[in-house]
Amino acid sequence: MSDRRHESLSCSPVLIIGSGVAGAACAIRLRSHGVAVDLVEKATFPRTKVCGCCIGEAGLNAFSQLGIRDEVLEHGMTTRRWCASLAGRRIELSIPLGVAISREVLDPLMMQAAVRSGADVSMNCTATIKASSSDYVSVQLDQNDATIMKNYRCVVVASGLRSGNCSGLLPWTELPHGPFGISMMASSVDVDPGVIYMACNQDGYVGLVKLADGRVDVAAALQSRQSSVAGGDPVTRVQRILAASQFASLSLTEFSPAMTTPPLRRSRRAGHGRVLAIGDAAGYVEPFTGEGMTWGMQGAIAAADLIASTVGDWGHVGDDWEQKLAVLLRRRKRTCRVVTTALRSPAACRIAAGTLQLFPRLATPLLRSMNKA
């Protein structure tokens with residue numbers, strides 16, 4: 001990098017690293033409390049991202065808290081039904097109102113909402129935590145071939161699955177492992193609007209949903225064990241799961257290049273001193289009905305409320321967040337992990353499919369448990 005400039009500025013209140021769903025939600029909520037916020041994002045928008053693009057009832061409630069529910073619904077495709085292929089059976093359920101919206105649309109929408117709220121947003125800017133003391137956190141900001149050192153009273157890390165260890169402040173408590181994610185776009189006249197399709201077998205599960213622009217989001221979580229990897233490249237494995245499912249008659253064409261994630265299951269220390277992690281940066285377990293973005297927003301709102309309630313006393317806000325996040329999401333993540341693990345068991349799938357065909361209402365409390373508002 002050429003033409004680097006170095007300078008040190010006085011302390012600013014709060015820095016949020018990452019302007020995805022969780023980061024933008026945290027910025028909007030903090031601004032609603034009157035807290036000054038710098039929001040930095042290394043990417044430029046719009047951007048594509050591995051994502052199932054579905055948000056359920058609890059996610060819409062989070063959008064309401066942020067004041068952008070109507071705007072999201074206007075730009076998305078509402079969803080009302082869930083259709084699964086499980087153990088050779090087709091199961092259809094009515095679900096509460098949700099929305100399917102691509103990250104190419106949602107991320108800029110939320111970033112603009114953060115700007116309107118008064119957040120100071122910098123795009124194409126990389127932030128690296130260099131040190132943390134009892135009084136402030138030192139962060140290096142790189143943007144447009146310039147480097148600035150800046151001190152913040154509090155830093156929120158919302159930079160997703162590929163977040164580092166924040167200079168050792170937030171180490172892994174469970175190293176990344178397990179299934180990985182893959183997603184791509186496709187075209188199809190067979191995929192019905194308003195329906196979330198899900199095909200499951202021992203190799204993983206594949207979700208399909210039609211977006212407002214007519215494209216179909218294809219997202220999957222696939223096993224990363226050696227025997228599964230030997231079954232072909234990720235795209236081939238996705239197509240094999242669909243071909244063996246009750247959705248084999250759905251014709252998908254014009255696939256975009258596929259994107260993949262690192263292994264999805266991981267946990268880390270979510271806070272320390274003046275540093276907090278939210279969203280996927282705080283840990284992850286693969287969801288299967290669009291819980292990921294909802295959990296990210298719920299965590300972001302809770303973190304913002306905690307920060308705002310302790311203004312002037314942020315020396316231990318990260319440690320307080322560690323305990324608060326565990327209470328907020330532990331039960332829902334545990335339930336989701338049990339369900340996604342069971343979906344890869346042929347015996348469990350047969351039992352679940354038979355039961356849900358006879359008693360479809362049994363799925364309602366389970367889905368509500370994972371999407372609790």
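Trainee: What does Asp 107 touch, not counting residues up to four places away in sequence?

Mentor: Asp 107 touches Gly 20, Val 21, Phe 45 and Arg 47. Contact here means heavy atoms within 4.5 Å.

Trainee: What kind of model is this?

Mentor: This is a predicted model: local features need pLDDT of at least 70, side-chain atom pairs count only at pLDDT 80 or more, and totals for chains, interfaces and linings use all residues. Residues are numbered from 1 along each chain as its sequence is written, and side-chain values use heavy atoms, with hydrogens and water left out.

Trainee: Is Asp 107 buried or exposed?

Mentor: Asp 107 is buried, at a relative accessible area of 1%. Buried means under 20% relative accessible area, exposed over 50%, partly exposed in between, with a 1.4 Å probe and protein chains only.

Trainee: Which helix holds Asp 107?

Mentor: Helix H4, residues 103-117. Helices (H or I, at least four residues) and strands (E, at least two) are DSSP runs, numbered from the N terminus.

Trainee: Back to Val 21. Where does Val 21 sit?

Mentor: Val 21 is in helix H1, residues 21-32. Val 21 is buried as well, with a relative accessible area of 5%.

Trainee: What is in contact with Val 21, leaving aside neighbours within four places in sequence?

Mentor: Arg 103, Leu 106, Asp 107, Met 110, Met 293 and Met 297. Take Met 297: 276 residues separate Met 297 from Val 21 in sequence, but their C-alpha atoms are 6.5 Å apart.

Trainee: How do H1 and H7 cross?

Mentor: Their axes come within 8 Å and cross at roughly 35°. Axes are lines fitted to C-alpha atoms, for helices over the stretch in contact, and angles run from 0 to 180 degrees between N-to-C directions. H1 passes H7 in a right-handed crossing. A crossing is right-handed if the near helix is turned clockwise from the far one by less than a right angle, and left-handed if anticlockwise.

Trainee: Which residues of H1 make that contact?

Mentor: Val 21, Ala 22, Ala 25, Cys 26, Arg 29 and Leu 30. On the H7 side, the residues include Met 293, Gly 296, Met 297 and Ala 300. By class, the contact of H1 with H7 has 12 nonpolar, one polar and two charged residues. Ala, Val, Leu, Ile, Met, Phe, Trp, Tyr, Cys and Pro count as nonpolar, Asp, Glu, Lys and Arg as charged, and the others, Gly among them, as polar.

Trainee: And H2? At what angle does H2 pack with H7?

Mentor: About 35°, with the axes of H2 (residues 57-66) and H7 (residues 291-309) 9 Å apart. H2 passes H7 in a left-handed crossing. Among the H2 residues that meet H7 are Ala 62 and Phe 63, and on H7 Met 297 and Ile 301 take part. That contact of H2 with H7 divides into six nonpolar, four polar and no charged residues.

Trainee: New topic, the sheet. What is the strand order?

Mentor: E3-E5-E4-E11-E12-E13-E10-E14-E17, nine strands in an open sheet with mixed pairing. Two strands pair if DSSP finds at least two bridges between them. E3 (54-55) and E17 (283-284) are the edge strands, and each pairs on one side only. E3 pairs with E5 (residues 89-100) in the antiparallel sense over two bridges. There, Cys 54 stands opposite Ala 100. H2 packs on the sheet too, touching E3 and E5, and its direction makes about 5° with that of E5.

Trainee: How many bridges join E4 to E5?

Mentor: Nine, and the two strands run antiparallel.

Trainee: Is E11 mostly covered or uncovered?

Mentor: E11, residues 195-201, is mostly covered: six of its seven residues are buried. Five bridges join E4 (residues 77-86) to E11 in parallel. E11 also pairs with E12 (residues 204-210), antiparallel, over five bridges. Tyr 197 stands opposite Cys 83, and its bridge partner in E12 is Leu 208.

Trainee: Last one. What is the mean pLDDT of the chain?

Mentor: The mean is 87, and 87% of residues reach 70 or more. pLDDT is the predictor's confidence in each residue, from 0 to 100. Confidence is lowest in helix H10 (residues 363-370), at a mean of 63, and highest in helix H3 (residues 69-75), at 98. Over residues 1-9, pLDDT stays under 50. Where pLDDT is low, the predicted coordinates should not be read in detail.
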